[in-house]
Amino acid sequence: MSKVAPLNETTHTEHPSVEEHYDKVWTEEEGEAWESWPFFRQNPSALSFALDRLAGNASLADKLVLDLACGVGYSTQELAGRGARVFPLDLSSQGLRKTLQRLERARLGDKVAAVRSSVEQLPFADASIEAVFAQNFLMHVNPELVGREVWRVLKPGGRAIFVEPLAHHPLVKLYRTLFSSYKGIKPKWSSREDLQLLGQPFSYTKTSGFYLLTALASVGFIQKRPWLLKPVFTVLHGLDRLLLKLFPGLEKYTWVSVTELVK
Ligand SMILES: C[S@@+](CC[C@H](N)C(=O)[O-])C[C@H]1O[C@@H](n2cnc3c(N)ncnc32)[C@H](O)[C@@H]1O
């Protein structure tokens with residue numbers, strides 16, 4: 001892969017307002033990238049679970065991985081850091097620019113080639129990609145279309161992992177109603193039914209829920225105090241594991257889902 005790959009202006013976008021929103025956000029700051037939040041950097045996290053599941057029993061070294069809606073490239077760096085050859089793909093050219101800068105700084109620039117495209121129409125041949133990582137964008141797109149496209153480009157036996165916020169966590173719902181910066185672009189937060197539509201073409205699908213009570217540790221007062229965040233996160237995470245084991249029906253109310261798909 002070329003060192004600083006040119007942005008590949010491939011697919012026409014059907015989402016001009018979403019593109020405009022993120023071009024502005026990624027020019028100004030990185031607040032909508034989950035990994036910029038101390039909360040999402042705690043472990044065990046949905047992200048670390050997802051990255052482990054993406055590899056399955058193998059390693060990501062030299063695998064051809066598509067990083068869908070990569071934003072400013074935190075996940076791209078994680079994947080390239082594990083040895084994968086990555087196509088970070090996004091609608092936002094500002095996000096892709098920051099992604100390439102991030103990878104250059106990490107001396108991983110030769111592992112990536114950026115692609116500017118919609119996730120609903122992927123500019124890749126059938127069965128050409130070995131794994132797909134996807135995080136936090138399903139609220140802007142049609143899950144059924146995305147599922148079909150991801151299935152099409154994956155090689156047989158290839159894995160896709162989606163880390164996605166869900167619609168029904170009561171506190172997160174309240175926060176979204178009062179403060180969400182997404183309001184202007186009308187996100188449709190995913191339900192379990194949307195994840196089923198996403199997974200329809202695949203031979204294996206499994207969704208796990210994260211952050212029920214643990215979501216409380218994401219409030220600003222706790223997130224800004226590392227000495228408080230770690231213990232509060234650990235205790236709440238332990239309680240969540242217990243609650244979800246005793247009452248599996250509560251998974252619907254978790255904040256973040258990790259969906260594993262195998263072609
Ligand atoms: C909330 S950000 C998440 C970015 C990154 N995945 C992360 O977790 O930090 C959503 C990203 O999805 C991208 N996006 C939204 N709709 C898209 C589409 N139809 N095709 C490609 N990217 C899209 C946006 O440009 C933005 O970078």
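Hi everyone. Let me begin with a definition: I call a residue buried if 20 or more other C-beta atoms lie within 10 Å of its own, with C-beta atoms placed from the backbone. Please keep in mind that this is a predicted model.

With that in hand, let's look at helix 3, which covers residues 74-81. How many of its 8 residues are buried? The count is 7, so by that cut-off of 20 or more the helix is mostly covered. By name, the buried ones are Tyr74, Ser75, Thr76, Gln77, Glu78, Leu79 and Ala80.

On the helix 3 side, Thr76, Gln77 and Ala80 make the contact, and they meet Thr99, Arg102 and Leu103 of helix 4. Sorted by class, that contact has 2 nonpolar, 3 polar and 1 charged residues. As a reminder, an α-helix has 3.6 residues a turn, so residues three or four places apart point the same way.

If you follow the chain just past the end of helix 3, you'll find Gly83 with a positive phi of about 100 degrees.

Last, the ligand. There are 23 residues around it, and the closest are Tyr22, Ala33, Ala69, Gly71 and Phe137. That shell divides into 11 nonpolar, 8 polar and 4 charged residues.

Conventions:
Residues numbered from 1 in each chain as written. Predicted model: local features only at pLDDT ≥ 70, side-chain atom pairs only at ≥ 80, totals over all residues. Near = placed C-beta within 6 Å. Nonpolar A, V, L, I, M, F, W, Y, C, P; charged D, E, K, R; others polar. Buried ≥ 20, exposed ≤ 12 C-beta atoms within 10 Å, placed from the backbone. Helix = DSSP H or I, 4+ residues; strand = E, 2+ residues; numbered from the N terminus. Contact = placed C-beta atoms within 7 Å.
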